[in-house]
Every structure is written in C-alpha cells, then in structure tokens.
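Open the model in a viewer and keep the selection panel at hand. The stops below go from one interface to the relation between copies and then to single side chains.

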Amino acid sequence: MYIARVIGTVVSTSKQDSLIGMKFLVIERLDEHLQRIGESEIAVDSVGAGTGEMVIVCKGSAARTVLGGQVPVDTSIVGIIDTVEVG
Amino acid sequence: MYIARVIGTVVSTSKQDSLIGMKFLVIERLDEHLQRIGESEIAVDSVGAGTGEMVIVCKGSAARTVLGGQVPVDTSIVGIIDTVEVG
Amino acid sequence: MYIARVIGTVVSTSKQDSLIGMKFLVIERLDEHLQRIGESEIAVDSVGAGTGEMVIVCKGSAARTVLGGQVPVDTSIVGIIDTVEVG
Amino acid sequence: MYIARVIGTVVSTSKQDSLIGMKFLVIERLDEHLQRIGESEIAVDSVGAGTGEMVIVCKGSAARTVLGGQVPVDTSIVGIIDTVEVG
Amino acid sequence: MYIARVIGTVVSTSKQDSLIGMKFLVIERLDEHLQRIGESEIAVDSVGAGTGEMVIVCKGSAARTVLGGQVPVDTSIVGIIDTVEVG
C-alpha cells in the first residue's frame, strides 16, 4: 500500500460488464514527504475520493476485496488520508 | 491498472491448450500525458481492442477473472479508453 | 519479504469499514546493511511495532493472512527484528 | 506476460518434492524489437521450449495453473512464439 | 523465480505465531553469470539451505504452498542449485 494523490479520471465506454459503474481515477504515487515518485496508475475508487485528495492505494488481489468479488481490478483506493506524520 | 496503447501482436502456434483462441497483443504503457513509459508487455484482449487503441490494462490474478477461470494469463485488456482527463 | 524501519503513521478517517481499528504505518525498506533503499510504503501492523523499530514486511495476498481474511491490505508487518547477521 | 528467450538451464538436486521432474530454464526478457531488457529469471517450462527459442512468459498465481496445482512456481513458459509483429 | 545466494540470517523474537520455527534468511539475487543484481530480501527456507549456497527463490502466493497454508510469507527458498548453464 502506498500514499497517492488523485490527479484525473479515465473515461471508458467499451469495457468489461463487471466494470460498469466504477470510477476510474488517475493517481500519482507520493513518498512520505508527499513528493511524486514513479509513474501514474489507474485505480478504482471505493471511498468517494476526488481529484486532489490524498489516498491510501491497495494493489493485487486485495484490491478487489472491496468491489464485490471477481472483477478485473488490481488497484483500488481504500481510504482518504487526513495526515501523514513522519519524523 | 494502467493506461497502455496496443502496438502489435504475438503469434504462437505451440502453446497451452487453454490459450487457444485468445488474442495476444503487444502493449506499451503510457503515463497520464500518454507518453510511453517502461517496457512493452503481452496482454490478452477481452474487449475487442485493436492496434493503436488506448486501453485499460489489468495485472495479476484479476486479469484472468475475465477469461473464464484457471488460465495462464497474468495481463489482460479490460477496457478501451475514450479520454484521459488530468488537471 | 524484506527488512524495513517504521518511520511514521498515516491517519485516515474516511476509509473502508474493514480497515477500522488497523494501524497504518509508514515504512522505509532497508538493505542488509540497514541502509534505506527504494521508496516508502504504507503497512498495516500486526505485531505491535512502533516508530524506529526494524521489522519484517510481507507483501501480497500473504499480507492479509494475519488480518482475519478479506481485507484490502497488501502490505503487513509480521515480525520485529532483533538482529540481522550477514557475513 | 512478456516476450523472453530461453538462454540456459538450472540444475537442482535438492528441492521441494513437488518440483521433481520439472524443467527449470533461464530466460531473458525481450522488448518488442527482441532486444534484451531487465534481468534474467528462472521459469518452469510447460510447452517443450528449448534454448534459443522465443517464448511467452506468465507470472504470479497464473503460472501454476498449468502445473497441476499447489506447486511453488511463480514463473512459467506457456507458449512458443512464432512471430512478433509491431507496426 | 530467480537465482539467489544466501548471505545471512534475520532473528525475530516478537513475530506472528504462525512464523515460529521458520528460518529467515537474507538473500541476494544473482543474474545468470552469478553476479549480484538488485537489493537483498528475506526468504523463508524450505529445503535446508545455508549461508553461501545458491538457491531457487519463489515469490508471491506460490511461496507459501510449501509452508503448510495460510502463513504471512511471500518469499521462499524451494531448491538448492547445483549448476547454472548458459550459453
């Protein structure tokens, strides 16, 4: 899991039926100082996150545990971050 | 999941029986500005994607949820992208 | 699995219900000489680890075997390290 | 999944019983122009691939779907490539 | 899967109960010429490997197939390598 920021959306009309109604967000990964690291990804939202918000991202088979089962999703947003405290 | 563009095809005659009939596409990953990042991969199509189209790619165990079960596929195309909006 | 050090915490009020009560820690991966490598991640604690401690980190579907099932967690702390001996 | 070339073999006498009889091949990953990228890996063959051949490689839990179940294998060769066509 | 060499051990007293009795080894990944590549990891031994030995490493859900089930382990040693033949 890692810290990310929502930076956009992906629109897809022609897609797997099980993905209908899901919100595909573009995210950028952040380090503990909230600086961007690595490349952007697509994540499915499960907590009502919007552009500009900092979120917790979950990958792999765990990502679809919040989406009702056998869906082709490997990255989901599972929390909105209030604060990151390091030091 | 990430944004990718279909750039080619792989032909394989001698392969696992469970892969017969599947379409193996060569994809290049794109960032949110639609610039290529990283290395090309092979993905199995599930939505009728063709060369040049932008797609949503799913990895891992989620990739085979759209292919009918226990098949040796770890990367699949699950949507065709209309637009990517970042701001 | 790899060696990491706990360097902070993440606070998230709005999150998946199954994550309520979990402790989200910021970790930095270490090499065998205990020098930082790579980028920070978020891990869920399962052994009472605190800031500054060296820990064993587990990724993927294995990470949620210690958290009671189908939770959206892909990284967990499964041991506190006493010593690393390399020769 | 990605394109790879078989470049060698690994011999292991002392190993998990469930691995007895499997062929462990050293592979190098190739890009769409068939140039080596990244580091070599070990893959278990499931289609009769030999040294010098170009193959389709599958990773993760999908890799063991062709090996009869609960075996400790995370990378397998699932097809021999005739041609890669990119435009 | 990849080639690695055992270079040390990790001692952890406070850990998940299901990990008691397991041997945590520090490994370094090797390429096909047996040169170190990448960063060290922690692997659980399943074949009696010792420091200095070359081994086959398995990652992901496959890693715990040799450890009796639902344990928080994502990397295991599943074979001791006699020889690597490339060329």
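Select chain A and chain C first. Their contact involves 26 residues of chain A and 28 residues of chain C. This is a predicted model, and the values along the tour are computed from it.

**The area between chain A and chain C**

Display the surface of both chains. Together they bury about 2,100 Å², and carbon and sulfur atoms account for 52% of it. Now pick Met1(A), Glu32(A) and Thr65(A): these supply 29% of the area that chain A buries against chain C, more than any other three residues.

**Polar links across the interface**

Polar contacts can be shown next: 17 residue pairs make them across the interface of chain A and chain C, counting pairs with both residues at pLDDT 80 or more.

Which elements of chain A give two or more residues to the side that touches chain C? Colour strand S1 (2–11), strand S5 (54–59), strand S6 (75–80) and strand S7 (83–86) of chain A to see them. S7(A) provides the largest share of that side, four residues.

Superpose chain A on chain C. A turn of 72 degrees with a shift of 0.0 Å along the axis does this, at an RMSD of 0.1 Å. Next take chain C and chain E: a rotation of 72 degrees with 0.0 Å of shift along its axis superposes chain C on chain E, with an RMSD of 0.1 Å. That is how copies about a five-fold axis are related.

Why do chain A and chain C meet through different surfaces? Only 8% of the interface residues of chain A are also interface residues in chain C, so the copies use different surfaces to meet. For chain C and chain E the figure is likewise given as 8%: only that part of the interface residues of chain C are also interface residues in chain E, so these copies too meet through different surfaces.

**A charge over a ring**

Zoom to Arg29(C) and Tyr2(C). The charged end of Arg29(C) sits over the ring of Tyr2(C), 4.5 Å from the ring centre. Move to chain E and select Arg29(E) with Tyr2(E): here the charged end of Arg29(E) lies over the Tyr2(E) ring, 4.5 Å from its centre.

Last, look for aromatic pairs. A search of the whole structure, over all chains, finds zero.

Technical notes
Residues are numbered from 1 along each chain as its sequence is written. Chains are lettered from A and ligands numbered from 1 in the order in which they are written. This is a predicted model: local features need pLDDT of at least 70, side-chain atom pairs count only at pLDDT 80 or more; totals for chains, interfaces and linings use all residues. Side-chain values use heavy atoms; hydrogens and water are left out. Rings of Phe, Tyr and Trp (its six-membered ring) pair if their centres lie within 6.5 Å; planes under 30 degrees apart count as stacked, over 60 as edge-to-face and the rest as tilted. A charge sits over a ring if NZ of Lys or CZ of Arg is within 6 Å of the ring centre and within 35 degrees of the ring normal. Copies are superposed by least squares on the C-alpha atoms of residues with pLDDT of at least 70 in both. Contact means heavy atoms within 4.5 Å. Buried area is the accessible area (1.4 Å probe) that two parts lose on being put together, summed over both. A polar contact is a pair of N or O atoms within 3.5 Å; within protein, one must be able to donate a hydrogen and the other to accept it, and residues adjacent in sequence count only if both atoms are side-chain atoms.
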